[in-house]
Amino acid sequence: MKINAMPPCQAKCPIHMDVQGYVAAIAGGDVQEADRVIRRTNPFPSVCGRICTRECESVCRRGKSVDEPVAIRALKRYASDSAAAGAEVPGPEIRFSEKVCIVGAGPAGLTAAHDLALMGYRVTVYESEDEPGGMLTRGIPRYRLPLDLVRSEVDRIRSLGVEIKTGYMLGRDISLQDLQKDFDAVFLGMGSEKSTCPECSGMELSGVWTAVEFLKDVSRGKKFNPGNKVIVIGGGHTAIDAARTCLRLGAEDVTIAYRRTIDEMPAGMDEVEDAREEGIRFEFLTAPEAFEGSGKVEKMRCVRMDLDKSCGGKGKLTCVEDSAFEMEADTIILATGYVPRTEAVQELCTEGGDRLEIKDAAGATRTPGVFAGGDFVSGPTTVVQAIASGRKAAEAVHRYLRGMDQSPEAQEEILQDLDDDVARLVPKAGREKPVCLDSGSRVHSFDEVEHVFTPEQARTEAARCLHCSLGAHVSRDCAVCLNCVLVCPYNVPRPGEEKAYIDMSQCQACGVCAGQCPASAIDLRLEPRTELRQNIRRVLERAESNSQNDFIFGYVCDFSRTRPRELKGENVYTITRPGLGRIDVYELLVPFEAGAREVLVSGCGEEDCKFKDCSLWTRRNVQKAARILESIGIDPERLKIVEG
Amino acid sequence: MIVAEVKPMAEIQDTIKNYSKVLISGCGSCVTVCLSGGAQQVEVLASSLRTAAKSQGQQLEVGEETQLRQCDPMFIEQIRDKAAGYEAILSMGCGAGVQTMAETLGNIPVYPALDTVFFGGADGQGGFVETCAACGQCILSRTGGICPVARCAKSLTDGPCGGAQAGNCEVSKDTRCVWQLIYVRLFRLGQLHLLKETTPPKARRVHPARLNRAE
């Protein structure tokens with residue numbers, strides 16, 4: 001899909017996924033195509049379909065200006081869950097002789113491996129644990145991300161020829177120097193799993209855990225009894241995951257203590273809500289001072305904090321005097337931050353420091369041919385950030401190995417917000433919500449909390465996409481008749497300096513102007529005329545050769561939920577289209593030329609239509625075409641609108 | 001601009017009934033703007049004629065073409081080769097376009113698919129109104145910018161005729177009396193005194209008029 005300005009969802013996504021592309025495919029009922037579009041840029045769709053922080057949704061223009069954002073993440077999950085297995089990405093066209101080594105089989109490393117394998121390189125991945133996946137397999141709890149899904153994505157990457165060797169730790173089993181000798185390029189993506197702990201006394205007590213160790217043990221199936229009272233310290237995703245996991249392990253009273261307020265929590269608001277629903281309590285502006293107990297932790301002494309937000313950033317924290325208080329605890333889990341383990345790559349670190357020295361956005365280190373990325377460089381981020389980093393690194397490795405300059409970061413033009421005057425004309429449509437396990441029963445198991453959309457839900461939700469930037473554009477054939485200005489239901493076209501001007505950032509892609517343009521000078525990115533006409537021709541040729549002069553031809557709206565019975569059965573040939581407002585008189589007449597017995601137009605009916613005035617213009621066009629049919633002696637009743 | 005409308009289908013069919021290979025030629029100027037002879041209308045007419053011929057068991061091949069401006073031989077030259085492959089041309093240009101095409105192509109018959117109806121402009125609601133008669137001696141400076149030659153049923157240059165009722169023309173009740181409109185406009189402009197001047201009779205123009213490009 002060629003675009004001139006990126007829709008905000010795509011621009012905001014760290015891997016610039018073609019959101020519109022796969023959402024449109026889902027709306028049209030083609031999950032295979034949706035899955036294909038997703039896999040072009042993302043080797044972990046089923047993962048991102050569940051745990052992505054969905055930055056795309058936060059900028060969705062439907063959400064910002066009309067009602068609620070399109071449920072993009074849930075749609076991605078629907079596509080990847082529904083697409084038939086075996087829809088493999090085609091292998092590389094060229095094979096290079098160079099070998100690339102990846103250290104760390106987390107999302108960044110595996111993405112780099114995936115992309116490099118597709119580019120034609122031989123890739124070996126070393127992983128220190130006994131299973132690849134990184135935080136996906138040992139950090140994210142099963143109720144959010146089932147293990148078999150991660151395994152199946154990893155298997156797909158293996159099927160591209162990537163060799164994954166587990167149990168190899170850099171600095172223990174392998175050394176960077178050896179890897180540099182054996183491979184032509186190295187990518188380091190060992191994650192950021194070393195916990196940083198607050199300076200509290202009592203850290204040595206049993207019952208005090210770091211969240212990463214705790215989640216890792218649970219995911220390995222280790223039996224764990226947290227007792228009744230659990231305190232999780234921290235405010236990020238991992239804190240929430242650890243707290244919700246404790247509930248599932250039988251704890252009855254789980255509290256998350258965070259030293260700032262809810263507004264500063266790095267965890268997403270939906271995660272906080274889910275945790276609250278399950279009964280987790282939050283103590284904000286609370287910081288630990290000491291863990292106390294005899295051998296085993298029994299309580300936490302803590303203080304209240306004061307947050308001065310006036311000084312900018314995350315604000316300045318100070319202890320409130322005489323505010324010390326105690327909280328009882330059988331288990332304390334520290335989710336207070338993580339840093340990368342850089343001991344094995346000291347030669348790549350800053351002078352005297354423990355941070356990697358990175359030379360550019362693609363992750364080049366001070367040693368040529370050694371690249372680094374993911375959480376290993378950035379510290380803990382999100383899975384999609386890690387994937388983005390892996391993709392960038394793959395490109396950088398390829399450029400390095402081929403002797404090409406590193407490409408500069410592309411700056412994409414981003415579509416502006418929707419004007420209020422246009423937004424208020426867009427028909428409202430509530431967001432579909434996936435079914436979730438009820439909060440009472442879900443805390444007793446590690447079953448996945450959120451279910452996948454039903455096919456009906458998915459199509460309804462996908463139809464909510466506003467097709468940002470896929471609207472109308474005016475060619476040089478414009479005769480400046482300004483008919484588009486008169487017919488646009490959203491008042492977007494304007495008389496321009498040389499021709500009519502349609503602001504791409506405001507156009508809703510209903511296609512009414514294109515259907516009414518006497519010079520055929522307006523086309524729609526959502527449904528380009530050339531493709532559409534070829535499609536019509538192809539279907540008509542098939543109809544003509546299979547059932548001469550005795551077929552029914554139908555135009556069906558992609559977004560209508562039902563298909564009328566007239567359009568089912570033998571000798572019925574249909575073309576589905578993203579809305580029918582764009583239909584023109586010629587398209588209604590041409591099937592008769594090919595010998596159609598009847599031409600049926602099936603929309604969704606006025607009330608349901610996602611496009612304003614679409615039904616009105618469809619009806620007008622049908623009437624106009626019917627009059628022409630009558631004038632050439634053909635029964636106008638042979639052309640009609642049918643509704644489901 | 002020139003405003004035209006598509007002829008009744010039966011008339012068009014009758015015009016080309018003796019041909020089996022016809023080229024429909026649209027015009028990208030005035031008749032596109034008035035929604036009667038642009039690229040979109042060309043494909044609609046072509047499809048209609050093919051469908052009609054097929055339903056009557058006739059052989060008819062219809063080609064499609066639209067020029068930027070049919071009333072200039074230079075644009076017609078661009079389709080000379082293509083036109084040579086057809087027995088007749090059905091022009092969706094205005095009368096001027098049809099003639100330019102017929103003149104330029106010479107040995108291929110060119111037939112009109114449109115009736116050219118008037119000179120006018122858009123009414124702002126998707127329609128068009130006749131506003132100019134191309135009389136060659138413009139008197140709009142004396143009539144508040146409203147042309148009585150084109151808009152008075154009797155083309156009176158010193159109206160009104162006296163037959164108007166409630167401000168409407170006696171010839172057509174749906175039409176405002178143009179002299180009433182002129183009076184109101186001149187009143188608003190403070191130029192009622194212009195009505196006291198008599199418009200001298202116009203010298204009848206000799207057709208065809210010519211305009212030579214200035215050197």
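How many residues does the contact take from chain B and from chain A? The contact takes 20 residues from chain B and 21 residues from chain A, where two residues are in contact if their C-beta atoms, placed from the backbone, lie within 7 Å. This is a predicted model, in which local features need pLDDT of at least 70 and side-chain atom pairs count only at pLDDT 80 or more, whereas totals for chains, interfaces and linings use all residues. Residues are numbered from 1 along each chain as its sequence is written, while chains are lettered from A and ligands numbered from 1 in the order in which they are written.

**The side of chain B that touches chain A**

Helix H2 (30-33) and helix H3 (39-55) of chain B are the elements that give two or more residues to the side of chain B that touches chain A. Helices (H or I, at least four residues) and strands (E, at least two) are DSSP runs, numbered from the N terminus. H3(B) gives the most to this side, with 12 residues. By residue class, the side of chain B that touches chain A divides into 6 nonpolar, 11 polar and 3 charged residues; here Ala, Val, Leu, Ile, Met, Phe, Trp, Tyr, Cys and Pro count as nonpolar, Asp, Glu, Lys and Arg as charged, and the others, Gly among them, as polar.

The domain assignment of chain B, whose bounds come from an automatic or database assignment, gives domain 1 (2-117) and domain 2 (135-196). The centres of these two domains, taken over C-alpha atoms, are separated by 38 Å.

In chain B, 3 strands form an open sheet in the order S1-S6-S7, with antiparallel pairing; two strands pair if DSSP finds at least two bridges between them. Strand S1 (2-6) and strand S7 (128-132) of chain B are the edge strands, each pairing on one side only. Strand S6 (residues 114-122) of chain B runs antiparallel to S1(B) and is joined to S1(B) by 5 bridges, and B:Val3 stands opposite B:Phe118 in S6(B).

Chain B also has cis peptide bonds. The bond from B:Gly159 to B:Pro160 is cis, with omega near 0°, and B:Pro160 lies in the loop between helix H7 (148-151) and helix H8 (178-189) of chain B. Another cis peptide bond joins B:His207 and B:Pro208, with omega about -10°, and B:Pro208 lies in the segment after H8 of chain B.

**Chain A: overall build and local features**

Chain A has 24 helices and 24 strands, and its C-alpha trace spans about 100 × 60 × 50 Å along its principal axes. Of the 644 residues of chain A, 48% count as buried; a residue is buried if 20 or more other C-beta atoms lie within 10 Å of its own, exposed if 12 or fewer, and partly exposed in between, with C-beta atoms placed from the backbone. Among contacts in chain A between residues at least 6 apart in sequence, 72% join residues at least 24 apart.

In helix H19 (residues 455-462) of chain A, the residues A:Ala458, A:Arg459, A:Thr460, A:Glu461 and A:Ala462 are buried. The buried residues of H19(A) pack against helix H2 (19-27) and helix H7 (72-82) of chain A.

| Residue | Phi | Loop in chain A |
|---|---|---|
| A:Leu285 | about 50° | between strand S9 (281-283) and strand S10 (286-292) |
| A:Asn491 | about 55° | between helix H20 (483-487) and strand S18 (494-495) |

A:Leu285 is partly exposed because 17 other C-beta atoms lie within 10 Å, and A:Asn491 counts as partly exposed with 13 C-beta neighbours inside 10 Å.
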